[in-house]
Amino acid sequence: MEAKRKEELLDKYQHGKIKQAELEELFDWYNQTASEQVPVDAQEVQFRLNRIAQQLPILNKSNKVSAPIRKLWIKWTAAAVLLGAIGLSLWQLKTVERQGTEKVLTNILPVKNAQPIWTNKQGQRIDLAQLVVKDTLKTNGLLIYKDKAGFLIYQSVAAATASNDIQTIQTPAGSNIKLILADGTKVWLNSASTLRFFGNMDQNERHVELQGEAYFEVTKQVNEQGQRKHFLVRSEHQTVEVLGTKFNIKNYQEDPFSTTSLYEGSIRLETNQPDRSTSKSVLLKPGQQSILNKHSLQLDFRSLLDIDQQSWREGYFNFDGESIQSVCQQLSRWYPVDFEIDPHIPAGEYHGSISKSYSLNEVLDILTKNKLDVEFKNRNDQIIVRLKQK
């Protein structure tokens, strides 16, 4: 988009004269800019973004933004801007101010060099940090290596009984991994998650166990009789059965809700009692998300078409109506901190996507709302979230 056109659209937005088509053009430009390298005038662009988000009047262009500029991270939609007028929403942003004497947090970055751990049945632990493209590791009848796309792949080099042992991959805070299972299924495992699976999945029923969050692209397979092999994902209070599809499951043990999002194909979701007996069974269609209350086992549903956000697989935190407690829980899975939240703080609703490349300080600056008067204190890497003292 030409500079003159940008100025025209920004001016129309500021004065409330922009049309829907022009609004979409403006947001398309922002989305495109967010995926590109930062231009020379990034500070001016960021300054304008902050001003638009706050719906502030025109400011003096001589003012400078002191926050470090890496890249434009905001995933804009018309709905996200409109939320600014509806009470508790995320997009009432403020320009990040840096005043050395007033900093309440040290510069907390994601866990450095955090790497997933592979554990076999014998308890042998392999730190995958040592594995790079073209290198190969051997463990209990399996060869493990990485392809050029960064997927972890393994092959059986021993008897089926040995290679079919249970394998476990754990991703500590600040890490994630891409894996291709023996049947060709692709798995993206998010941070602070655990995936258990058989090394050799050549069975009539393929299944894995998940704690945390993962995205699956399941391959279709048939047995010797020509029947399709089912693929099961078991997690707390639910089982997902598929034949070949793309879906995401988020089911952390500490979260009160579990969500399953279907992007392609079809899946059957069963809610399970503590004894694993089936409580309810439903079919999900593409574009649907199920929300399971793990306490009551009640199911709710919503359309994925209403959720326009960057994916965690692309390196973003996703907030879609999250409470302050849920937001802090996500952050603790990426940064080496815990949160203690004042129970008097309103839960709020946070919407949007923020790059994980930011330090915790910058993320908290973005999330802080003036109306809530929230402050963050660092006490031995435990972040105290409380209302500001007046």
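Reply: The largest pocket has a volume of about 1,100 Å³. The search runs on a 1 Å grid over the protein atoms alone, where a pocket is an open set of points that a 1.4 Å probe fits, with protein on both sides within 12 Å along at least five of seven lines, and lining residues have an atom within 4 Å of a point. Grid points are joined across faces, edges and corners, and the volume is the space filled by probe spheres set on the points. This is a predicted model, in which local features need pLDDT of at least 70 and side-chain atom pairs count only at pLDDT 80 or more, while totals for chains, interfaces and linings use all residues. Residues are numbered from 1 along each chain as its sequence is written, and side-chain values use heavy atoms, with hydrogens and water left out.

The pocket is lined by 45 residues, of which Lys250, Thr259, Gln289, Arg302 and Glu322 are the closest to its centre. Two or more lining residues come from each of strands E10 (205-217), E13 (246-251), E14 (257-264), E17 (288-293), E18 (299-303) and E19 (316-322), and from helix H6 (324-332). Helices (H or I, at least four residues) and strands (E, at least two) are DSSP runs, numbered from the N terminus. By class, the lining has 14 nonpolar, 19 polar and 12 charged residues. Here Ala, Val, Leu, Ile, Met, Phe, Trp, Tyr, Cys and Pro count as nonpolar, Asp, Glu, Lys and Arg as charged, and the others, Gly among them, as polar.

A salt bridge is a side-chain nitrogen of Lys or Arg within 4 Å of a carboxyl oxygen of Asp or Glu, and the count comes to seven. One of them joins the side chains of Arg333 and Glu254 at 3.0 Å, N to O. This pair links distant parts of the chain, 79 residues apart: Arg333 is in the loop between H6 and E20, and Glu254 is in the loop between E13 and E14. Arg333 counts as buried at 5% relative accessibility, whereas Glu254 is partly exposed at 43%. Salt bridges that share partners join Glu254, Asp255 and Arg333 into one network. For these labels, buried means under 20% relative accessible area, exposed over 50% and partly exposed in between (1.4 Å probe, protein chains only).

A further salt bridge, also 3.0 Å from N to O, is formed by the side chains of Glu236 and Lys294. Glu236 lies in the loop between strand E11 (230-235) and strand E12 (238-242), and Lys294 in the loop between E17 and E18, 58 residues apart. Glu236 is partly exposed, with a relative accessible area of 31%; Lys294 is buried, at 8%.

Helix H7 (residues 360-367) packs against two of the lining elements, E19 and H6, through its buried residues. Those residues also pack against strands E20 (338-341), E21 (350-355), E22 (374-379) and E23 (382-387). H7 is mostly covered, with eight of its eight residues buried: Leu360, Asn361, Glu362, Val363, Leu364, Asp365, Ile366 and Leu367.

Definitions and conventions. Contact means heavy atoms within 4.5 Å.
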